[in-house]
Amino acid sequence: MDDFEIGNTAFRYKRDEFPLSKIKNARVKLNTVKDHALKLFLMGAIVSSVVWVICPEGFGIVIAPIAFILGVVFTIFTIKKYELQVEFEHIDETGLQWVSVAGSSKPESKTIFEKQVNAVKRAITG
């Protein structure tokens, strides 16, 4: 709980700072099996793609599937059941995006995240 701070102009979590003027909404996201599967597949594909870029010849055919599996395995350790997200308006053409501020798999974290969502919503509307 001490990692969160809402000031007059910014919402902070540890070293990350989000200007309140750029935050449009906040939520606690409960990640489903579908979300986890998509993340695993995408990270595996990204790691595998890097191998293909580095060595597109015959060596890539052998290493790319191994890289895919390694990407999936390493991603398993970063999966979180709950995420505190803010809808953030970027300064470039990206527009509005949901940005994960914090994540956890502990059930008690959901309550902490919900309190932060309420605090952020009060700060951006009031």
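1. Transmembrane annotation. An unreviewed UniProt entry lists residues 37-54 and 60-79 under "transmembrane region"; UniProt positions are given in the numbering used here, feature names are shortened, and such annotations may be inferred rather than shown by experiment. In the model, residues 37-54 are 100% helix and 0% strand, with end C-alpha atoms 26 Å apart. Residues 60-79 are 85% helix and 0% strand, and their end C-alpha atoms lie 28 Å apart. Helices (H or I, at least four residues) and strands (E, at least two) are DSSP runs, numbered from the N terminus.

2. Basis of the model. This is a predicted model, in which local features need pLDDT of at least 70 and side-chain atom pairs count only at pLDDT 80 or more, while totals for chains, interfaces and linings use all residues. Residues are numbered from 1 along each chain as its sequence is written, and side-chain values use heavy atoms, with hydrogens and water left out.

3. The sheet. Three strands make an open antiparallel sheet in the order E4-E5-E6. E4 and E6 are the edge strands, each with a single partner, so one side of each has no neighbour in the sheet. Neighbouring strands are turned by 25° against each other on average, direction ignored. Strands E5 and E6 are joined by eight bridges, and Phe88 has Gln97 in E6 as its bridge partner. Two strands count as paired if DSSP finds at least two bridges between them.

4. The packed helix. H3 packs on the sheet and touches E4, E5 and E6, its direction making about 165° with that of E4. Contact means heavy atoms within 4.5 Å; axes are lines fitted to C-alpha atoms, for helices over the stretch in contact, and angles run from 0 to 180 degrees between N-to-C directions.

5. Ser104. Strand E6 contains Ser104. Ser104 counts as buried because its relative accessibility is 11%, buried meaning under 20% relative accessible area, exposed over 50% and partly exposed in between (1.4 Å probe, protein chains only). A polar atom of the Ser104 side chain lies 3.1 Å from the backbone nitrogen of Lys106.

Note on methods
A polar contact is a pair of N or O atoms within 3.5 Å; within protein, one must be able to donate a hydrogen and the other to accept it, and residues adjacent in sequence count only if both atoms are side-chain atoms.
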